[in-house]
Amino acid sequence: MDKIQINGGKRLRGEVTISGAKNAALPLIASSILVNGKSRFTNVPKLMDIASIQMLLEDLGASCNFENNTLTVDGSGINKIEAEYELVRKMRASILVLGPLVARFGHAKVSMPGGCAIGARPVNMHLSGLEALGAEISMDHGYIEAKADQLIGNEIYFDIPTVTGTENLMMAAVLAKGSSVLRNAAREPEIVCLANALIQMGAKISGAGTAIISIEGVEKLHPAQINVIPDRIEAGTFMVAAAATRGDVLIKGCIPDHIGGIINKLKATGATLDIGENQIRVQGGDIIKSIDIKTQPYPGFPTDMQAQFMAMMTIAKGNSMIHEAIFENRFIHANELLRMGADISISNGNYAMVRGIDRLQAAPVMASDLRASASLVIAGLIAQGTTVISRVYHMDRGYEGIEKKFSSLGADIQRIQ
Ligand code: EPZ
């Protein structure tokens, strides 16, 4: 299995271009199920998770072609409504085929996605939303079965904002009979990206990006060509790495409007940010100030950036309180940072007190999930000595060629067997 080796202490300098967003591409690709024709997605990142959902769609009968970050999906050949366990277990986001399959074919069987390292990841709101649209939901030997001759528009109220829940139900409601309103909907940019794609396919949606999304069902949708938005979490990851190494990096091809929560917190640590129309320059301050963080649904501070900030706070001046308020087990990276000499104490599961120290010491560490692996890369960049990170397949799920991008910024980083 691959590992990443980093000799720490280099300040990052130069410029890096952000790839398309994994969490925008996944629901977009799932939406091609709704269309009896060939849809085309550009600026798709070359990632394990994209390969996984492509495999799943091909297993359902769709034909796909991926080259030069462009993915075409022809949904006209879909002849199967069952998403197999072997494919779903590789990637929880496979649940995103449930809504489109029921909407177009009136029937779907999707393996219940298991939990993952960061939490139980239930899908109860996805299922209760489909029931509200008239689907009959049952469980059958680990599979969710959803049936509906015709989905009927309705009001759907989410107990808490759910990103893929909002996406799944948006994709179901666009072909329902009549109108639907999703209340307490997630407001992430990836939701807006999906809504714009569905509107280009002929759907009638208003309010995406706000907590109330209104949808008027239509008979059918037609193929479209969609450009995937840049990955705001990749952009944030490079912003934190630049500040933590006291470097000077220009992050190109990002959308500053999507990363207000990150910009706000990074400025508070003492970094200097020059914000352009589609780029941000980050210069690390000599002193990294400690800050408190609470993860929240968008536009709050994103949970997907918590691990990266924790790595940086290990060498801040003072103590930082990090409250992970979205997932119940998203501090696994803290144990690995402790191995590198960090001073972190965790109380009642979702509060981490990070007491700043002068320098981390390199050590062999293990990635546990996608964003934890990014946290360990940042830790390796600022630690004294050579850090080796194992289980980097977690990173390959969500970061396109990350070690090449970091080495182009002057990091001493390489992938080893
Ligand atoms: C999406 O996951 C992202 N994944 C996650 O990114 C991200 O961390 C998360 O949103 C939060 O921003 C994709 O978009 C593919 P949620 P999702 O439903 O949709 C609870 C990454 O690193 N909940 O918004 O699964 C849930 O347990 C990944 O790229 C229910 O209780 O997250 C969590 O506590 C990690 N019942 C909260 O809601 C449900 O039916 C928010 O989860 C659904 C969710």
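Asn68 lies in the loop between strand S4 (63-67) and strand S5 (70-74), where strands are DSSP runs (E, at least two residues) and helices are DSSP runs (H or I, at least four), numbered from the N terminus. The phi angle of Asn68 is near 50 degrees, a positive value in a residue other than glycine. Because its relative accessibility is 69%, Asn68 counts as exposed; the term exposed denotes over 50% relative accessible area, buried under 20%, and partly exposed the range in between (1.4 Å probe, protein chains only).

The model is predicted: local features need pLDDT of at least 70, side-chain atom pairs count only at pLDDT 80 or more, and totals for chains, interfaces and linings use all residues. Residues are numbered from 1 along each chain as its sequence is written, and side-chain values use heavy atoms, with hydrogens and water left out.

His141 also has a positive phi, near 50 degrees. The loop that holds His141 runs between strand S8 (136-140) and strand S9 (143-147), and His141 is exposed, with a relative accessible area of 78%. A cis peptide bond, with omega about 10 degrees, joins Tyr298 and Pro299. Pro299 belongs to the loop between strand S18 (293-294) and helix H10 (306-313).

The largest nonpolar core has 78 residues, and Leu98, Met170 and Leu198 have the most contacts inside it. Such a core is a set of buried Ala, Val, Leu, Ile, Met, Phe, Trp, Tyr and Cys residues joined through side-chain atoms within 4.5 Å. Leaving aside neighbours within four places in sequence, Met170 is in contact with residues including Leu182, Ile191, Leu198 and Ile215, contact meaning heavy atoms within 4.5 Å. Another core, of 68 residues, lies apart from the largest one and has Phe238, Cys254, Ile293 and Tyr399 among its members.

The structure holds two aromatic pairs. Rings of Phe, Tyr and Trp (its six-membered ring) pair if their centres lie within 6.5 Å; planes under 30 degrees apart count as stacked, over 60 as edge-to-face and the rest as tilted.

| Pair | Centre to centre | Angle between planes | Class |
|---|---|---|---|
| Phe238 and Phe406 | 4.6 Å | 40 degrees | tilted |
| Phe301 and Phe309 | 5.1 Å | 80 degrees | edge-to-face |

Phe238 in helix H8 (residues 232-244) and Phe406 in helix H14 (residues 402-408) are 168 residues apart, and their pair links distant parts of the chain. Phe238 counts as buried at 1% relative accessibility, and Phe406 counts as buried at 1%. Phe301 and Phe309 are buried as well.
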